[in-house]
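Please examine the sequence and the structure shown here before reading on.

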Amino acid sequence: MVQLGLVGLGKMGFNMRERLRAAGHEVVGYDRNPEVSDAASLADLVAKLTGPRIVWIMVPAGEPTRQTVIELGQLMAEGDLVIDGGNSKFTDDKLNADLLAAKGVGYLDCGVSGGVWGKDNGYGLMVGGAASDVARAMPIFNTLRPEGPREEGFSHAGSVGAGHYAKMIHNGIEYGIMQAYAEGFELLEASKVVEDVPAVIKGWQRGTVVRSWLLDLLVRALDEDPDLDDLEGYVEDSGEGRWTLEEAVNHAVPAPVLSAALFARFSSRQKDSSAMRAVAALRNQFGGHAVKKAGS
């Protein structure tokens, strides 16, 4: 069993702490919310750990993660190890690793998948960094990953940045799969032939080539709200989908499904689309097609 500092006790971090503790690891957590925190500050967290320390960061990507790394770099000592388990952009990882390396502190980037279900089901982990640092943190990874063969829930993807790169592509694929299920759902609902859409989708859960955990979650949502009427069709994106498309452009890799899925999310946020008003106007101009006036 190992000792671990965990920074960020939100939906993911809190459940990770619980899973690790249930396996017998000692976890000292820090969060700005004092109701869930085991330490009063980052300095207090580091002070509560015995060297050489391991600190896992689970805070929002970008500046919050960067500032946490900077502060930990000032507090930690040679031989310590920092793991960034958030959704950081892979290009941030080398900056963080170099900053910590100046203090002799190791760095791993870890893409984490599993959401709020990870506490019970385990988390898919994609790690980047030195093999020696990965080996040192393996008791933590082995506890967090799902049961079964390690290679089916954990990968050492490569050097620093590879873990978050792998997670970025994972999330891009996720966008495409979710969009395909969503479009299939809408087509089924629009049909005059299919009378029980939730039953059809539930019937795909076993034996079909489209079965998956995401399909199981769609079935769960339909069990709670068969027409999904309680939801507004507004979908945010957390960044990884955009970064995936940037990489597709950089490497000239065709990614029509992933790009369409991302742009569909953008469309969901438009209550009134200027582009579609322009399309309607053009159809009316060249073909005399009927248009709907605003407010009608």
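A residue is called buried when its relative accessible area is under 20%, exposed when that area is over 50%, and partly exposed in between. The model discussed here is predicted. D38 has a relative accessible area of 32%, and therefore counts as partly exposed. R21, at 33% relative accessibility, is also partly exposed.

**Salt bridges**

A search of the whole structure finds 13 salt bridges.

| Pair | Closest N and O atoms |
|---|---|
| R21 and D38 | 2.8 Å |
| K94 and D98 | 2.7 Å |
| R220 and E224 | 3.7 Å |

R21 and D38 belong to a network of salt bridges that also includes R17 and E18.

Within helix 4 (residues 90-101), K94 and D98 are 4 residues apart, so about one helical turn separates them. K94 is exposed, at 54%, whereas D98 is partly exposed, at 42%. R220 and E224 are likewise 4 residues apart, both in helix 9. Here R220 is partly exposed, with 43% relative accessibility, and E224 is exposed, with 57%.

**A negative patch**

On the surface, E183, E186, E189, D227, D229 and D230 form a patch of negative charge. D230 lies in the loop between helix 9 (213-224) and helix 10 (240-250). Its relative accessible area is 68%, so D230 is exposed.

**Helix 12**

Helix 12 comprises 14 residues, 274-287, and spans 20 Å from its first C-alpha to its last, close to the 20 Å expected at 1.5 Å a residue. After helix 12 comes G288, which has a positive phi near 65°.

Definitions and conventions:
Residues numbered from 1 in each chain as written. Predicted model: local features only at pLDDT ≥ 70, side-chain atom pairs only at ≥ 80, totals over all residues. Heavy atoms only, no water. Patch = residues over 30% accessible without salt bridge, like charges linked within 9 Å, V, L, I, M, F, W, Y side chains within 5 Å. Areas by Shrake-Rupley, 256 points an atom, 1.4 Å probe, with all protein chains shown as cover. Salt bridge = Lys/Arg side-chain N within 4 Å of Asp/Glu carboxyl O. Lys, Arg positive; Asp, Glu negative; His and termini not counted. Charge placed at Lys NZ, Arg CZ, Asp CG, Glu CD. Helix = DSSP H or I, 4+ residues; strand = E, 2+ residues; numbered from the N terminus. Buried < 20%, exposed > 50% of the residue type's maximum accessible area, 1.4 Å probe, protein only. Expected span 1.5 Å × (residues − 1).
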